[in-house]
Amino acid sequence: MNPKDIFEREKSGELISLDDPEYYKIREVINEAQKITFELNSSSYKAERVRSLFSKLTGAEVDDTFDLLPPFYTDFGRNIRVGKNVFINHACSFMDRGGITIEDHVLIGPKVNLITINHPLNPAQRQSTVCAPILIKRNAWIGIGAMVMPGVTIGENSVVSAGAVVTKDVPPNTVVAGVPAKIIKTID
């Protein structure tokens with residue numbers, strides 16, 4: 001039996017200690033992501049160049065319909081996947097070590113934070129991390145300054161209002177708002 005490497009363990013939600021003998025592998029990816037995001041954020045905005053650098057950052061080609069306005073921030077990059085006709089506005093932060101999937105026709109407002117990583121409550125384990133993926137379904141809209149926490153799915157056609165902190169799954173065709181986010185209406 002082959003033991004899982006640190007990337008597989010992390011994506012499966014295993015507690016990862018900073019003292020893990022394989023942690024250097026995560027640090028290498030983080031360092032590379034920082035170099036690419038620096039280049040992305042310091043070059044003039046040209047859609048083709050942004051798509052090229054974003055593809056390099058994630059390790060997966062993005063569609064020609066993908067659009068991102070820098071600056072953009074990520075701690076890892078490799079675990080982000082985006083569909084077609086996705087728009088990401090400026091100053092967003094994606095902490096993607098647990099995996100972020102953004103389906104087709106999604107709009108993400110400025111300063112949105114997608115966070116897939118957390119620390120345990122137990123002080124003895126606090127120097128460790130645990131991850132859970134975020135899934136944003138087709139036609140969703142995430143408003144300015146919203147924060148989506150680890151393990152959350154945003155349902156198809158749903159809207160996350162500006163400034164909301166989403167800690168639980170959002171059903172399809174709903175609008176959520178507040179801290180923590182609660183359903184305020186359904187979409188016909």
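Mentor: Let us begin with Asn 79, which touches Lys 11, Asp 96, Arg 97, Gly 99 and Ile 100, leaving aside residues up to four places away in sequence; contact here means heavy atoms within 4.5 Å. The model is a predicted one, in which local features need pLDDT of at least 70 and side-chain atom pairs count only at pLDDT 80 or more, while totals for chains, interfaces and linings use all residues. Residues are numbered from 1 along each chain as its sequence is written, and side-chain values use heavy atoms, with hydrogens and water left out.

Asn 79 lies in the loop between S3 and S4. Helices (H or I, at least four residues) and strands (E, at least two) are DSSP runs, numbered from the N terminus. With a relative accessible area of 12%, Asn 79 is buried; buried means under 20% relative accessible area, exposed over 50%, and partly exposed in between, with a 1.4 Å probe and protein chains only.

The aromatic residues come next. A search of the whole structure finds 4 aromatic pairs. Rings of Phe, Tyr and Trp (its six-membered ring) pair if their centres lie within 6.5 Å; planes under 30 degrees apart count as stacked, over 60 as edge-to-face and the rest as tilted. Phe 7 and Phe 76 form a tilted pair, at 6.1 Å centre to centre and with 50° between the planes. This pair links distant parts of the chain, since Phe 7 belongs to helix H1 (residues 6–11) and Phe 76 to the loop between S3 and S4, 69 residues apart. Phe 76 is buried, at a relative accessible area of 2%.

Another pair is made by Phe 54 and Phe 72: the ring centres are 5.5 Å apart and the planes stand at 70°, so the pair is edge-to-face. Here too distant parts of the chain are linked, with Phe 54 in helix H3 and Phe 72 in strand S3, 18 residues apart. Phe 54 is buried at 0% relative accessible area, and Phe 72 also counts as buried at 0%. Together with Phe 66 and Phe 94, Phe 54 and Phe 72 form one aromatic cluster.

Consider now the helix that carries Phe 54. H3 spans residues 47–58 and has 12 residues; from its first C-alpha to its last it reaches 16 Å, close to the 16 Å expected at 1.5 Å a residue. That expected span is 1.5 Å times one less than the number of residues. In H3, the buried residues are Val 50, Arg 51, Leu 53, Phe 54, Ser 55, Leu 57 and Thr 58. As a general point, an α-helix has 3.6 residues a turn, so residues three or four places apart point the same way. The cover over the buried residues of H3 includes helix H2 (23–42) and strands S2 (67–68), S3 (72–74) and S4 (80–82). After H3 comes Gly 59, whose phi is positive, near 75°.

Finally, S3 belongs to an open sheet of 5 strands in the order S3-S6-S9-S14-S17, with parallel pairing. Its edge strands are S3 and S17 (165–166), each of which pairs on one side only; two strands pair if DSSP finds at least two bridges between them. S3 is joined to strand S6 (residues 92–95) by 3 bridges, and the two run parallel. Within this pairing, Phe 72 stands opposite Cys 92 in S6.
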